[in-house]
Amino acid sequence: MLYTVQSFLVLALGVAALGLGAFAFVDALRHDPQAYAVEGKRTKTFWLVLLGVSLAVLIISVTNVLSFFGLIAVVASGVYMADVRPALAPYTKRKNQKRMGGSGPHGSW
C-alpha cells in the first residue's frame, strides 16, 4: 500500500513538472526576441531550445521526475519562470488593456 501511495505522489509531481515545463515553453514562444536582448537575458532561441529539451525530458520521465535529468529539466523551467518571465512581463501586450481604455487599477493611468 505504501508503494502505491509513493507511486501516486511521484506521478503527481511528474504531471505538475510537465505542466510547468509546457507553460514555460509556451510562454517563451509568446515574447518578442528583442525583449530578451533589452533585458540582458539570453536569446529567445537559447531559451526555446533549452525549454524544448527540458519539455522532452519531462515527457519521457513523467513517471520518474526525481531522476537526475528530470530534476535538471525542472530547474531549467524554474529558472525561466523565476528570472526571465518577470523581466519580460513589461513587454507583453495585454488584450484587455485596450478594452479597459488604459485607465483603471490594472491599466496605465
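This is a predicted model: local features need pLDDT of at least 70, side-chain atom pairs count only at pLDDT 80 or more; totals for chains, interfaces and linings use all residues.
Local features are taken only at pLDDT of at least 70 and side-chain atom pairs only at pLDDT 80 or more, while totals for chains, interfaces and linings use all residues. Residues are numbered from 1 along each chain as its sequence is written, and side-chain values use heavy atoms, with hydrogens and water left out.

Salt bridges come first. With a salt bridge taken as a side-chain nitrogen of Lys or Arg within 4 Å of a carboxyl oxygen of Asp or Glu, the count is 3. One of them pairs Asp 27 with Arg 30, at 2.9 Å from N to O. Both residues sit in helix 1 (residues 2-30), 3 residues apart, or about one turn of the helix; helices here are DSSP runs of H or I with at least four residues, numbered from the N terminus. As for accessibility, buried means under 20% relative accessible area, exposed over 50%, and partly exposed in between (1.4 Å probe, protein chains only). On that scale Asp 27 is buried, at 2%, whereas Arg 30 is partly exposed, at 48%.

Asp 27 has another partner in Arg 85, where the closest N and O atoms are 3.3 Å apart. Arg 85 comes out as partly exposed, with a relative accessible area of 30%.

Then there is Lys 41, whose side chain meets that of Asp 83 in a salt bridge of 3.1 Å, N to O. Lys 41 lies in the loop between helix 2 (33-38) and helix 3 (44-60) and Asp 83 in helix 4, so this bridge ties together parts 42 residues apart in sequence. Both ends are partly exposed: Lys 41 at 25% and Asp 83 at 38%. As for shared partners, salt bridges join Asp 27, Arg 30 and Arg 85 into one network.

Now for the nonpolar side. A nonpolar core is a set of buried Ala, Val, Leu, Ile, Met, Phe, Trp, Tyr and Cys residues joined through side-chain atoms within 4.5 Å. The largest one has 10 residues: Ala 24, Ala 28, Ala 35, Tyr 36, Trp 47, Leu 48, Leu 51, Tyr 80, Val 84 and Leu 88. Helix 1, helix 2, helix 3 and helix 4 each give two or more residues to this core. Beyond its neighbours within four places in sequence, Ala 24 is in contact with Leu 51, Ser 77, Tyr 80 and Met 81, contact meaning heavy atoms within 4.5 Å.
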